[in-house]
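Dear colleague,

Below is the structure I promised to hand over to you. Please look through it first, and then read on for what was found in it.

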Amino acid sequence: MSFRRVATLAPETTALFICDIQERFKGLIWQYPSVISVAGKMIKGSKILDIPVVVTEQYPKAFGRTVEELDVTGATITEEKTKFSMFSPKVTSLLEERKVKSVILLGIESHVCVLQTALELLDNNYDVHVLADGVSSQNFSEIDIAISRMKSAGAVITTSESALFQLVQDAQNSKFKSISTLIKEYKESSKVNKLLQRLSSANL
């Protein structure tokens, strides 16, 4: 009998990927403010937990830089790209140097750059945790299909709050209070996050 290995999260072996959350997509991406809010929460959480952050910008000459609402000055890597996947040589080197095993992934678009990033990471034996409350597309019908595709390929479909608590693991963790405060800070935005609300009806 074969046993399936459970994908876990630990701060020392995890990286956060922020995929192409850029200015030009404002008003185009379904529930974009929620994507931005979740990204902000995870960036702050990564700083508390000392997790490396990788930010990409798809052809910024056309689509602009990362939205001004997100402070990515502390990102380990901020990289321009034309390839849809975030899995570049520079990013690969960081993952190897940091001995990363798991990647938390969010951003846009769910069925293009997010999907291709997830598939390439999985193909290279990384655990991928996709934040369903933090990925979207211009056509919202694409989201569930992309999430289903990623799940079938082996990605873990989770939420920002769940991932943060999984990283902390124990209420006695010295970072628990800071993470708990962070989650409370974003509680109201979570309540109106329609990406999160869709999860209750989606067949994940």
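The residues that line the largest pocket divide into nine nonpolar, five polar and six charged, where Ala, Val, Leu, Ile, Met, Phe, Trp, Tyr, Cys and Pro count as nonpolar, Asp, Glu, Lys and Arg as charged, and the others, Gly among them, as polar. Please keep in mind that this is a predicted model, in which local features need pLDDT of at least 70 and side-chain atom pairs count only at pLDDT 80 or more, while totals for chains, interfaces and linings use all residues. Residues are numbered from 1 along each chain as its sequence is written, and side-chain values use heavy atoms, with hydrogens and water left out.

The largest pocket has a volume of about 370 Å³, and of the 20 residues in its lining, Ile 43, Lys 44, Lys 47, Asp 71 and Gly 74 lie nearest its centre. A pocket here is an open set of points on a 1 Å grid over the protein atoms alone, with protein on both sides within 12 Å along at least five of seven lines, whereas a cavity is a set of points where a 1.4 Å probe fits but cannot get out; lining residues have an atom within 4 Å of a point. Grid points are joined across faces, edges and corners, and a volume is the space filled by probe spheres set on the points. The elements that give two or more residues to the lining of the largest pocket are α1 (32-49) and β2 (53-58), with the largest share, five residues, coming from α1; helices (H or I, at least four residues) and strands (E, at least two) are DSSP runs, numbered from the N terminus.

The second largest pocket has a volume of about 220 Å³. Eleven residues line the second largest pocket, and Arg 5, Ala 7, Leu 122, Asp 127 and Gly 154 are those nearest its centre.

By the same rule there is one cavity of 30 Å³ or more, and the largest cavity has a volume of about 60 Å³. Its lining includes Ser 34, Lys 41, Asp 133 and Tyr 186; α1 gives the most to this lining, with four residues, and by class the lining has three nonpolar, six polar and two charged residues.

Helix α7 (residues 176-185) has Ile 179, Ser 180, Leu 182 and Ile 183 as its buried residues, buried meaning under 20% relative accessible area, exposed over 50%, and partly exposed in between (1.4 Å probe, protein chains only). The face of α7 turned away from its buried side carries the exposed residues Lys 177 and Lys 184, while the buried residues of α7 pack against α1, α6 (160-168) and α8 (187-191), where contact means heavy atoms within 4.5 Å.

Strand β5 (residues 127-136) is largely enclosed by the rest of the structure, because ten of its ten residues are buried. Six bridges join strand β4 (residues 102-108) to β5, and the two run parallel; strands pair if DSSP finds at least two bridges between them. Ser 136, which has its place in β5, is buried with a relative accessible area of 0%. Leaving aside neighbours within four places in sequence, Ser 136 is in contact with several residues, including Trp 30, Glu 109 and Leu 195.

With best wishes
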